[in-house]
Structure formats: C-alpha cells, structure tokens
Amino acid sequence: MGRQKIVISDLGCAAAKLAFGAIVGLMFGMLGVVVVRGFWIVLLPALLIQLLFEAVFSRIFSFIMSFFKKTPKEIPESPSKEYPWWRRYSFYVGFPMVAAYGIFCVWSV
C-alpha cells in the first residue's frame, strides 16, 4: 500500500469521526455503568419517552417533506476512493478510549 498525500478534508473528516466516536463511546460507557449499578429503573422511562418523541418527530418531518418530494435524477456512481487508514478507522479509535474513560469516571464515584 503506497503512501497517499494528506488532504485537509482527510484531516477534518478524521477529526470529526474521532470526536463522534468519543461522544458515542462516552454515552455507551456511562449507560453501561448505569445499567450495571441498578439505576436502569430511573433511566428506562426517560429512554422510552425519548424514543417516543423521536418517532413522532420523524413522522411529522417525513409528512412535511412529502410535499417537497422531487423525482431524483440519475446520478452516475463515482469510482470508489481509497482513504488513509486513520481516516477510515478514526471512529473506532475514539469509541473505546472514551468509553473506558467514561466507565472509569462514573464507576469511581
């Protein structure tokens, strides 16, 4: 595998994926601690209300967008581009690191 030239968009995409992986890892890590410690009784109604709200909001949004629907034109497929490894796997790097950090922080309280 040859070396590829670093482009600004590669750095931005890698940073965004790393940050997103960190946020998701923190959420899953803390949620795991909450479930293991027995706080799921308090958390479960809040999660169900959130899912219900998201479902209703999604229905309303899709109903509104149905009035603006246009027939899509045929877009030719662009050839697949091989990205650097750090751009492809940055989400998977941020997720476990921050999940472990979140578990450590919440568990020690």
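## A starting residue

Where is the place of Phe63? Phe63 sits in helix H2, residues 40-65. Helices here are DSSP runs of H or I with at least four residues, strands are E runs of at least two, and both are numbered from the N terminus. Phe63 counts as exposed because its relative accessibility is 54%. The classes are buried (under 20% relative accessible area), exposed (over 50%) and partly exposed in between, with a 1.4 Å probe and protein chains only.

Phe63 also belongs to a nonpolar surface patch of about 1200 Å². Its other members include Leu52, Phe53, Val56, Phe57, Ile60, Phe61 and Ile64. Patch residues have over 30% relative accessible area and no salt bridge; like charges are joined within 9 Å, and nonpolar side chains (Val, Leu, Ile, Met, Phe, Trp, Tyr) within 5 Å. A salt bridge is a side-chain nitrogen of Lys or Arg within 4 Å of a carboxyl oxygen of Asp or Glu. Areas come from the Shrake-Rupley method with a 1.4 Å probe; for residues, only the protein chains shown count as cover.

## Basis of the model

The model is predicted: local features need pLDDT of at least 70, side-chain atom pairs count only at pLDDT 80 or more, and totals for chains, interfaces and linings use all residues. Residues are numbered from 1 along each chain as its sequence is written, and side-chain values use heavy atoms, with hydrogens and water left out.

## The chain overall

The protein chain has four helices and zero strands. From the N terminus, its elements run α-α-α-α. Buried residues make up 13% of its 109 residues. The chain exposes about 9600 Å², and carbon and sulfur atoms supply 74% of that area.

Contact means heavy atoms within 4.5 Å. Of the contacts with a separation of 6 or more, 91% join residues 24 or more positions apart.

## Helix H1

H1 covers residues 8-37. Its 30 residues should span 44 Å at 1.5 Å a residue, and its end C-alpha atoms are 44 Å apart, which agrees. The expected span is 1.5 Å times one less than the number of residues. Just after H1, Gly38 takes a positive phi of about 95 degrees.

The buried residues of H1 are Asp10, Ala14, Gly21, Ala22, Val24, Gly25, Gly29 and Val33. They pack against H3 and H4.

## Helix H4

H4 takes in residues 90-107. Its 18 residues should span 26 Å, and the end C-alpha atoms are 26 Å apart, which agrees. Ser90, Gly94, Ala99 and Gly102 are its buried residues. Seen down the axis of H4, they fall within an arc of 135 degrees, so they line one face of the helix. The arc is that of the directions from the helix axis to the C-beta atoms.

On the other side of H4, Tyr92, Met97 and Phe104 are exposed. The cover over the buried residues of H4 includes H1 and helix H3 (85-88).

Lys17 lies in H1. Lys17 is partly exposed, with a relative accessible area of 32%. Beyond four places in sequence, Lys17 touches Arg87, Arg88, Ser90 and Phe91. The C-alpha atoms of Lys17 and Phe95 are separated by 9.6 Å, though these residues are 78 apart along the chain.

Ser90 lies in H4. Its relative accessibility is 6%, so Ser90 counts as buried. Leaving aside neighbours within four places in sequence, Ser90 contacts Cys13, Ala14, Lys17 and Leu18.
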